[in-house]
Amino acid sequence: MHRWALGMLSGTALAMTMAASASAQPLDRSATSNTSGLSVGMHLNTSAIRSPDRVTDKGGGVGMRLSYGINQTVAFFLAYDVATLSTRLMDYAVIHTDVGVRLSLADGTSATVPYVEGAFSGRVWNQAAYTNERAFTGNAATFGGGIKHFLDSRIALDAGLLFSHGTFTDATVNGASVPDYRGDAVWSSRFNLGGRMYFR
């Protein structure tokens, strides 16, 4: 199992432990923007990744997010984003898997809720050129923020910008592992725009 997968499992366990031990505030289910409880979201994304030689490739994709708000401020989430990035000579696929926490900066009196968030992320960067296929995996730290707007008590629009930075620590070429691979620290970014439904 890759090290990033082990990291994701550890991050999930940590998030569940923190959620179980947190002293949640009383839930105000009549609030204009109630960010507590279970929610599922889907979105489109515009992603970019900057290679070690400072070339930035961009493309579009889709993603989904499962979240649980323990109160009006704190919510834990698990997210998955995939995007395809094509150039003249090569096709790319970039996958982000995030385990993180979102802090909402509102008290429920407004339908519009700004937020900041951070996550521990696993990344996969696939590259295909002619008959060669390469895959790079590694962990990253992710941070960002955005705005969520409630259309009613259960449905909200969500727009956010995320930045991830970390090192790709494992590589394969045509399915074969590259021994003694030394990865590079790489930035990636995502702009997500979509909707969210709350179940309560």
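A salt bridge here is a side-chain nitrogen of Lys or Arg within 4 Å of a carboxyl oxygen of Asp or Glu. By that rule the structure has six salt bridges, and it also holds eight aromatic pairs. This is a predicted model, in which local features need pLDDT of at least 70 and side-chain atom pairs count only at pLDDT 80 or more, while totals for chains, interfaces and linings use all residues. Residues are numbered from 1 along each chain as its sequence is written, and side-chain values use heavy atoms, with hydrogens and water left out.

**Salt bridges**

- Arg65 and Glu117 meet through their side chains in a salt bridge of 3.0 Å, N to O. This pair links distant parts of the chain, with Arg65 in strand S2 (residues 56-69) and Glu117 in strand S5, 52 residues apart; strands are DSSP runs of E with at least two residues, numbered from the N terminus.
- Both Arg65 and Glu117 are buried, where buried means under 20% relative accessible area, exposed over 50%, and partly exposed in between (1.4 Å probe, protein chains only).
- Arg196 forms a salt bridge with Asp158, and the closest N and O atoms are 3.7 Å apart. Arg196 lies in strand S9 and Asp158 in strand S7 (residues 155-173), so this pair ties together parts 38 residues apart in sequence.
- Arg196 and Asp158 are both buried. Through shared partners, salt bridges join Arg65, Arg102, Glu117, Asp158 and Arg196 into one network.

- Asp81 is found in strand S3 (residues 74-86) and is buried, at a relative accessible area of 2%.
- The side chain of Asp81 makes a polar contact of 2.6 Å with the side chain of His43. A polar contact is a pair of N or O atoms within 3.5 Å; within protein, one must be able to donate a hydrogen and the other to accept it, and residues adjacent in sequence count only if both atoms are side-chain atoms.
- A polar contact of 2.7 Å also joins the side chains of Asp81 and Arg190.
- Residues that Asp81 touches include Asn45, His96, Asp98 and Asn192, not counting residues up to four places away in sequence; contact means heavy atoms within 4.5 Å.
- Arg190 forms a salt bridge with Asp98, with the closest N and O atoms 2.7 Å apart. The pair links distant parts of the chain: Arg190 is in strand S9 and Asp98 in strand S4 (residues 91-104), 92 residues apart.
- Arg190 is buried at a relative accessible area of 0%, and Asp98 is buried at 1%.

**Aromatic rings**

- Rings of Phe, Tyr and Trp (its six-membered ring) pair if their centres lie within 6.5 Å; planes under 30 degrees apart count as stacked, over 60 as edge-to-face and the rest as tilted.
- Among the eight aromatic pairs, Trp125 and Phe136 form a tilted one, 6.1 Å centre to centre with 50 degrees between the planes. Trp125 lies in strand S5 (residues 112-129) and Phe136 in strand S6 (residues 132-150), so the pair ties together parts 11 residues apart in sequence.
- Trp125 is buried at a relative accessible area of 5%, and Phe136 is buried at 11%.
- The rings of Phe143 and Trp187 have centres 6.3 Å apart and planes at 85 degrees, so this pair is edge-to-face.
- Phe143 is partly exposed at 44% relative accessible area, and Trp187 is partly exposed at 41%.
- Ring pairs link Tyr92, Trp125, Phe136, Phe168 and Tyr181 into a cluster.

Terms used:
Helices (H or I, at least four residues) and strands (E, at least two) are DSSP runs, numbered from the N terminus.
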